[in-house]
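User: I'm new to protein structures. Could you show me how to read one, feature by feature?

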Amino acid sequence: MTKPHPQIDRATSTEKPHNRNVSSSFSCYSPKLSLLILAICVTLFVIFQIRFLHISQSPSSSYPSPASWPFIYQQWQKLKNNCTQDLDPITEKLRISVTFLPLKDLRYSDKALVGHTWFMSSLYDSHQEGEVQYQQFPSKSSQNRLLCIKGRDNHDGSWNYYALAWPKALPYNATLMKGLTFVSYNHYSYENIWHGLSAMVPFVAWHQKNNCELPTRWILYHWGELRLGMGPWLQTLMHATFDGEPVIERFDGIKDEDGDDPVCFEKAVVMRHNEGGMSRERRMEVYHLMRCKARMYCNVSLDNKDDNHKAVGMTLLMRTGPRSFKNESAIIGIFEKECAKIDGCRITVAYSNNLTFCEQVKLMSMTDILVSPHGAQLTNMFLMDRNSSVMEFFPKGWLKLAGVGQYVFHWIASWSGMRHQGAWQDPNGENCTYSEDDRRCMSIYKNGRIGYNETYFSEWARNVLNEVKTMKLEKSQSNGSASSSNGCMC
């Protein structure tokens with residue numbers, strides 16, 4: 001905001017000068033006068049310096065007192081007061097001009113995840129090639145303004161608001177929160193370990209790229225609605241990754257219970273695109289860091305395999321309820337039979353819902369081949385060593401109707417450096433009253449259970465086991481290769 005320069009009145013003389021011939025030894029153009037003025041100035045300067053040194057060396061005072069220079073001090077105070085009076089109206093106008101907009105912009109509800117998204121839709125992201133897309137406040141793009149938030153609604157994100165404000169002109173009644181604040185937008189759920197992890201990965205990437213800076217607090221949003229926690233698996237992983245329990249902001253200390261008083265943040269980083277924009281190499285670095293941090297947190301050796309590095313660990317990670325195997329004993333028997341044919345192969349059967357976070361970390365650290373139905377429990381695959389294998393199973397109808405959702409564990413396998421060895425879909429299952437191509441059938445197929453094909457499973461398991469065995473033999477002969485991470489070394 002530009003303020004017009006103050007008008008300064010200047011006295012202007014309209015009287016014409018008289019032409020007079022003045023004879024004087026001290027005329028305006030006399031060299032003698034110039035020398036006299038110069039001598040006076042030098043003398044005053046010397047006297048001032050002597051006075052200053054005398055006061056500065058005095059034991060009772062290290063600096064000149066303003067009272068000893070009344071004229072200079074009065075002029076300084078007058079100048080300072082004038083400047084303050086000029087700035088106050090500008091600050092007031094900036095404070096009043098802060099405009100709050102809905103966190104969830106309903107104009108973009110039909111394309112909530114496209115472009116700017118409907119979350120903080122008026123702002124652009126910063127993005128370097130291969131890195132995460134994010135917003136940071138204050139920054140050059142925000143013109144050094146801070147992020148401010150108003151509203152605590154957990155049912156309708158359009159009733160929560162955001163704005164940008166200058167540090168010296170925050171909104172009235174605003175609370176300034178010190179430190180670094182991570183603001184997360186998740187279109188799905190922080191309870192589901194796959195969707196929750198996807199929302200956290202970009203923060204870990206930013207952390208790596210910015211000298212391992214740690215957040216003071218987290219603010220979680222789903223559709224612009226405030227969320228007050230993460231699932232326990234995700235909470236523990238973030239604890240391990242950032243070396244401390246994540247503080248989820250609830251705004252309990254804010255005076256206004258209705259949430260009308262705004263909160264501004266000394267420094268804030270906002271993520272709303274999950275892993276979008278990241279290169280595969282950067283994702284692998286991030287997953288490597290989380291894997292390493294999780295193992296350290298759980299006191300699991302970074303090289304937790306048996307002393308016999310030729311051993312092959314196969315884990316059947318089972319589900320209960322939807323997308324579980326109809327005949328678990330038959331499935332276990334097929335894989336046990338094939339595992340027994342491989343020297344050093346051992347098989348483990350586990351249920352993820354019966355395991356603590358650290359028990360899952362330890363189990364995955366001992367797994368070379370993960371056998372499991374499609375489901376969130378497959379997210380644990382990134383905790384295996386790189387180049388481990390995954391075998392995935394679907395109920396009837398999924399490969400035709402699930403859309404891109406059927407590929408999420410292909411993606412995480414690629415991003416974390418694993419080998420997705422394919423997926424099998426049960427051709428048999430509950431019938432749908434509509435045509436099989438009708439998307440309404442997905443509500444039936446989604447929670448279906450999975451049968452088995454002994455011939456197919458036996459051959460599939462045999463091929464994967466032989467491939468992994470060969471790879472481990474080659475690795476043991478080459479003494480393996482060390483993994484690297486970009487910053488925040490574990």
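Analyst: Let's go from the whole protein down to single residues. Keep in mind that this is a predicted model.

User: Okay, how many helices and strands are there in the protein?

Analyst: The protein has 11 helices and 14 strands. Of its 490 residues, 43% count as buried.

User: What do I look for in a nonpolar core?

Analyst: You look for buried residues such as Leu, Met and Trp joined through side-chain atoms within 4.5 Å. Here the largest nonpolar core holds 53 residues, and those touching the most other members are Leu197, Met200, Trp218, Leu237, Met238, Met290 and Met381. Several elements each supply at least two residues, among them strand S6, helix H4 and helix H9. Helix H3 gives the most, with 10 residues.

User: Which residues is methionine 290 in contact with, leaving aside its neighbours within four places in sequence?

Analyst: Methionine 290 is in contact with Leu197, Val201, Val204, Leu237, Met238, Thr241 and Phe382, once those neighbours are left aside. There's also a second, separate core of 24 residues, which includes Met318, Ile331, Met391 and Val468.

User: And threonine 181: buried or exposed?

Analyst: Check the relative accessible area: under 20% means buried. Threonine 181 has 0%, so this residue is buried. You'll find threonine 181 in strand S6.

User: Which side chain does the side chain of threonine 181 join in a polar contact?

Analyst: That of arginine 217, through a polar contact of 2.7 Å. Leaving aside neighbours within four places in sequence, threonine 181 is also in contact with residues including Ile219, Phe265 and Val269.

How values were computed
Residues numbered from 1 in each chain as written. Predicted model: local features only at pLDDT ≥ 70, side-chain atom pairs only at ≥ 80, totals over all residues. Heavy atoms only, no water. Buried < 20%, exposed > 50% of the residue type's maximum accessible area, 1.4 Å probe, protein only. Helix = DSSP H or I, 4+ residues; strand = E, 2+ residues; numbered from the N terminus. Contact = heavy atoms within 4.5 Å. Polar contact = N/O pair within 3.5 Å; in protein donor to acceptor, adjacent residues only side chain to side chain.
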